[in-house]
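Dear colleague,

Please find below the sequence and structure for your review. A summary of the findings follows directly after them.

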Amino acid sequence: IKRRIHMYNRDYITNNSNTNHNTYTQEEQTGHKSKAGMMAFLRATYQLFAGSLLAATAGAYIGLDMASTISSWYWGLVILEFALLFGLYAVKDKPGINLAVLFGFTFISGLTITPLLSSVFMMPGGASIVAQAFLMTSVAFGGISMFALTTKRDFSGMGKMLFIALIIMIVGSISNIFIGSSVLQLGIAMAGALLFSAFILYDTQQIIKGNYSTPIEAAIALYLDFLNLFISLLQILAAFNSKDD
């Protein structure tokens, strides 16, 4: 659960005057600055998010040409991916380095989904399945994000529940590596689609509330939500397509 860190224009409420004649003006100015700060933070976040998607797409595109090699080095890439993710939080406040680590992480994450993409592309209509999964993910992400940005409802209370559900899903996914059940995998993918849709809603509101200290952190949260939703939908569509065959 992410700790609340206020970040929008931290210095604009520094002088609390007791005079009455300029109270309204100060509040009005504060509101304008707060809104401007939030919009600047959102703009930077979504720019980094878009760049992350491009880096991941580049990684996946390059990885498709060496899918068999990536499969043999898969767990090594996963370890590297997690190392870069943890390293990103360590250098989040270091300009230049943080961007390099961010795009390095997202590029490697694109490589690690290559085996899944490759297996889907080899299915009848595989390219259509991938395109459909990406389109569904984009539409869902856009719709949920707009709802989170405009609704007055507060979804902060979802944090603990989402975290617990994520842990359960991770345990189930690891267990299925040894069980190898296609039915269980489909169930996990369906649960993942719902879970990461909820995470998009939750994380977007956390960004609005100022609970991320840097656009880097906010962008990586949205990127992970998008990526995992895409993977879940891709697995669901691939599973139903294989049943039809």
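From the N terminus on, the elements of the protein run α-α-α-α-α-α-α-α-α. That is, the protein has nine helices and zero strands. Please note that this is a predicted model.

On confidence, the mean pLDDT of the protein is 85, and 85% of its residues reach 70 or more. Over residues 1-32, however, the pLDDT is below 50, although this stretch has 38 contacts in the model beyond near neighbours in sequence. Where pLDDT is low, the predicted coordinates should not be read in detail.

Turning to the interior, buried residues make up 41% of the 245 residues in the protein. The largest nonpolar core has 56 residues, and Phe230 and Leu234 are those with the most contacts inside it. Two or more residues of this core are given by each of α1 (23-64), α3 (74-90), α4 (97-112), α5 (114-121), α6 (126-150), α7 (159-179), α8 (182-208) and α9 (215-244). Of these elements, α9 supplies the largest share, 18 residues.

Which residues does Phe230 contact, leaving aside its neighbours within four places in sequence? They are Ile113, Leu117, Val130, Ala133, Phe134 and Thr137.

Across the protein, residues 24 or more positions apart account for 83% of the contacts with a separation of 6 or more. As for the surface, the protein exposes about 13,700 Å², of which carbon and sulfur atoms supply 67%.

With kind regards

Terms used:
Residues numbered from 1 in each chain as written. Predicted model: local features only at pLDDT ≥ 70, side-chain atom pairs only at ≥ 80, totals over all residues. Heavy atoms only, no water. pLDDT = per-residue confidence, 0-100. Contact = heavy atoms within 4.5 Å. Core = buried A, V, L, I, M, F, W, Y, C linked by side-chain atoms within 4.5 Å. Buried < 20%, exposed > 50% of the residue type's maximum accessible area, 1.4 Å probe, protein only. Helix = DSSP H or I, 4+ residues; strand = E, 2+ residues; numbered from the N terminus. Areas by Shrake-Rupley, 256 points an atom, 1.4 Å probe, with all protein chains shown as cover.
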